[in-house]
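Look at the picture first, then read on.

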Amino acid sequence: MILLGILASAGAGGAVAPSFLTSAPLWLDASDSATITQSSGSVSQWDNKGTLENFVQVTGASQPTTNATTLNGLNVIDFAADFMNGQTLANWKFMHDGTKYFIASVVKYGVSANPDTVFSLMGTSSFRSANIGAYFVYDDRSSSSRTDRAVWIIFRGVSASIAVAAEADNFITPNEFSVQSALLDPSNATAADRIDYYSDGTQGTADNTRTASPSSSNPSYTIQLGAGGNSEFPLTGSIAELIVVSGSDATETNRQATVDYLNTKWSVF
Amino acid sequence: MERVLMYYSWETIEAFEAWHGPVMTALGIPFANRNSKTGEIDEDATWTTSYTELREDDNSVKFAKVEDEIVERFAKGLGTAHTPYFEIEEF
């Protein structure tokens, strides 16, 4: 009965979405064609199946592509230095203000074995600590001694004073789909408990050591999917599904349930 | 770097607009887009309103993304190939 209580609807591949996803702030699903608006495969709008706003791109050259690539027989959205924009700063304040939340995504960074650059999953801050917001990226810059690094950052608008920074090299395989997820609790008094992050089923072991209090102000930039804010370091790669769950639903049990749902659906690992 | 060069710089906004205007016209921009499930044009969903967007990088160079197909079709007035520079704070 408990199991039935947390199940919502059966999706492709027999995957059943947990019921709490219907109240998630963000749920983008590339396999749900009804949520995608496009012209000749160029995506101008990706509707959010969660509670907050849709993501849009009015500029043709920066629109990602649909109906070109599949994973486990399901459509994904391909990015070629593309990105999409949210619309309301205040909607995404929860991603850096101390609210507990988790992210779970099926994403492919890069289209080669050694990208030697930065690709963004999403962000509201760009890449300077004087800004307010968060960014989550893949970093493979040899010039900065990064190698297949997962990066999870929350800035608070004070230069060099950071609320959360978790980074792990050799953690993401480029040009392959993986389930990247993290449970964030940015105001936790214990620094190491501010974030637990995972690639597929493996937890990153390099803990956050930052203890600065998060900002309660709006983020510096409108949220971007496939960029870190201010349109910087756009994604080349693909996104199959991206989910953000916040508040009382943001538990480790629910993160695991979401990862299980994504993995069953997309057959990633 | 795996990314093929797809950014071009212009000295002035006016030079960019002189190139971008004919591209917009040729591509029929602005236009409404279609729901991917129904195939029907959705006038209420986001329209495509520009081909590309002129931005400035951290070196104050004005640049825009231009896809290879457009480079070939609209070479006249196209700016100079450019790799935009954005700094990531190291900490």
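## The sheet

Chain B holds an open sheet of 4 strands, in the order 4-5-1-6, with antiparallel pairing. Two strands pair if DSSP finds at least two bridges between them. The edge strands are strand 4 (55-56) and strand 6 (80-81) of chain B, and each pairs on one side only.

Strand 1 (residues 7-9) of chain B pairs with strand 5 (residues 62-65) of chain B. That pairing is antiparallel and runs over 3 bridges. Ser9(B) has Phe63(B), in strand 5 of chain B, as its bridge partner.

## About the model

This is a predicted model: local features need pLDDT of at least 70, side-chain atom pairs count only at pLDDT 80 or more, and totals for chains, interfaces and linings use all residues. Residues are numbered from 1 along each chain as its sequence is written, while chains are lettered from A and ligands numbered from 1 in the order in which they are written.

## Order of elements

Chain B has 2 helices and 6 strands. Both kinds are DSSP runs, numbered from the N terminus: helices are H or I with at least four residues, strands are E with at least two. Along the sequence, the pattern of chain B is β-α-β-β-β-β-α-β.

## Overall shape

The C-alpha atoms of chain B fill a box of roughly 45 × 40 × 25 Å along the principal axes.

How much of chain B is buried? Of its 91 residues, 22% count as buried (20 or more other C-beta atoms within 10 Å of the residue's own, with C-beta atoms placed from the backbone).

Note on methods
Buried ≥ 20, exposed ≤ 12 C-beta atoms within 10 Å, placed from the backbone.
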